[in-house]
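Here is a short briefing on one structure. Have the sequence and the 3D view open as you read.

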Protein chains: 2
Amino acid sequence: MARRPRPRQLADLDEAAIIERLQRAFLHVVPKRAPRLGIGDDAAVLSLRAGHQLVATTDAAVEGADFLRDRFPPRAVGHRVLAQNLSDLAAMGATPIGFLLTLCAAPETALTWVDAVARGMAALAAAARCPLVGGDLSATSGPVTISITALGEIARGRALTRAGARPGDQVWVSGELGGAALGLEWLLAARSGARVAARGVLARLLRPEPRLALGRALRPLASACVDVSDGLVIDLERLALASGARLTIDASLLPVARGASTAQALGSGEELELVFTVPRARATAMRRAARRVGVAVCVIGEVGSGSGLIILHRPRARLARFDHFARR
Amino acid sequence: MARRPRPRQLADLDEAAIIERLQRAFLHVVPKRAPRLGIGDDAAVLSLRAGHQLVATTDAAVEGADFLRDRFPPRAVGHRVLAQNLSDLAAMGATPIGFLLTLCAAPETALTWVDAVARGMAALAAAARCPLVGGDLSATSGPVTISITALGEIARGRALTRAGARPGDQVWVSGELGGAALGLEWLLAARSGARVAARGVLARLLRPEPRLALGRALRPLASACVDVSDGLVIDLERLALASGARLTIDASLLPVARGASTAQALGSGEELELVFTVPRARATAMRRAARRVGVAVCVIGEVGSGSGLIILHRPRARLARFDHFARR
């Protein structure tokens, strides 16, 4: 009987060959404006449009903490870590111009796994028109660690921040919430038979969409914005703190994903929806802008004076005050 | 007898407190032009000077592969990983504008160690006027992994690349070579008694200086440039390949660090010296520019037509051709 060949590993290629292989995965990601120099020189050189500022963010994914290699499809691993970075650009209203990738992996990591991670990342990079412009490759004895820095541009002084919410503004959120937490629950419980049925449920966990078009549309309308990356409650607390305002959310208004609980909608991280505040007078313009970019949005609460975050639970009208600020 | 308290660990603080602590280490690093937004919003917003392009590079350090926690002083760990990134900016002739930091560490990592890493990094950041503008913090079950993206700016179209070397140009190098390899040899062999004597030898390994001022001075003079990060032979091969030229180096002209061998000067990585090509007619201007920035430079070879790298060893006039290109 022929012996089955050992699957090829990172250690079977030299660094240049691995980098070439990664670059190939991203070849179809044609930048809007070609970077003057990409991978292969000491650094990438990129141009911003005149009158624009640079927007930069970094976010890493660590095996075991942010993904499980035996549960998450490798394409999803690549998609998710880039999506989290692009979502930060979206929350600022910025347009991506490129990203840098650092991959730390053990030499025995299967090449097919790395290829699939790169393909998942490249598909999103293409959709977001965000080319890979640089990177680094390191051997590690520990879990796979993927670190990305995403770069974007924004018209000078037009960045959406967390700090602009004013009393009287309404609090809005895009899409649905809770799907990522529900998906993770399914993924961890799933036996192979349950997988197919769960496909719809898992999409939100495995392929969250950074709301880049919505973020850009929000620039002239929203007073403050943040993406739901650590969970609605935590992210809204940050917005309230930065704005020096009190946010009151009506839990019964939350757009809860089908099958998810209100608790999941309040706590689920990596949803990559945008939560933002809009002056009441712009509500109609806001609805129109959201329709134009094809994203559902809804009002979930309002901004008052004071500080902190209040979540109203109905029908019992239970008032739960989450006071994380007290910890500081 | 009073029990000695367990040293505080990352796990003893929540994420916000750790980030605050890291930020404090960098508080004295005042940016030339304050970033519009730094850590604390979804992304940093930075302005480039009019007529300038963005230069971006990323480089990571993994415990075990790039540093040994029990041998490298923590300040050196922080200094080195930022220095490697700044050196890539230097090799492009760019001026730093800020950097993003991703730290992946086990929850039981000692806070004092993290603090010292941050202090080493902050001291260099201050010297290079390169503020920390963003970051990410992740828990890992594996080795400490520090990933940095450094951002810089350069007058449009003025970036130094690896691709401009032309036949007739001379090959120059800054400073001395081999010291990092020699320092590592000492560090790995050192018993505590040998440490003090080795302090001078170790400086090159532990506190390599990115040649930012020299890189800027080279912009109007050099035809191509690369920093010595993987070893002179490997980095020169890359320059030869990118330029489509043949480089001939005379090993007897190498500025070998005291105590190091010629082989170490040829192979030592992370030296962070610049190696660059200059048209012969600009040699005098080159010497003058180097004097102005206070960095020693010397000619080690010349550019010819053809391809690849030739190292001439004297006095035996042994000619060793390093032909790594054949591997591709």
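Predicted model: local features only at pLDDT ≥ 70, side-chain atom pairs only at ≥ 80, totals over all residues.

Chain B superposes on chain A by a rotation of 180° with 0.0 Å of shift along the axis, at an RMSD of 0.0 Å. The two copies are thus related as by a two-fold rotation axis.

**Chain pairing**
- Among the residues of chain B, B:Gly142 comes closest to the rotation axis, with its C-alpha at 2.1 Å.
- The copies meet through the same surface, because 98% of the interface residues of chain B are also interface residues in chain A.

- Five strands form an open sheet with mixed pairing, in the order S4(A)-S3(A)-S5(A)-S2(A)-S1(B).
- S4 (132-139) of chain A and S1 (44-46) of chain B stand at the edges; each has a single partner strand, so one side of each lacks a neighbour in the sheet.
- Neighbouring strands are turned by 20° against each other on average, direction ignored.
- S2 (52-62) of chain A pairs with S1(B) in the antiparallel sense, over three bridges.
- A:Ala56 stands opposite B:Ala44 of S1(B).
- Helix H2 (74-92) of chain A lies across S2, S3 (95-105) and S5 (145-155) of that chain, and runs at about 145° to S2(A).

**Helix H10 of chain A**
- In H10 (283-293), A:Met286, A:Ala289 and A:Ala290 are buried.
- These buried residues fall within an arc of 100° seen down the axis, so they line one face of the helix.
- Their cover includes strands S6 (170-174), S9 (274-278) and S10 (297-304) and helix H7 (212-218) of chain A.
- The face turned away carries the exposed residues A:Thr284, A:Arg288, A:Arg291 and A:Arg292.
- A:Gly294 follows H10(A), with a positive phi near 75°.

Definitions and conventions
Residues numbered from 1 in each chain as written. Chains lettered and ligands numbered in written order. Buried ≥ 20, exposed ≤ 12 C-beta atoms within 10 Å, placed from the backbone. Helix = DSSP H or I, 4+ residues; strand = E, 2+ residues; numbered from the N terminus. Arc of directions from axis to C-beta. Contact = placed C-beta atoms within 7 Å. Least-squares fit on C-alpha atoms with pLDDT ≥ 70 in both. Pairing = 2+ DSSP bridges. Axes fitted to C-alpha atoms, helices over the stretch in contact; angles between N-to-C directions.
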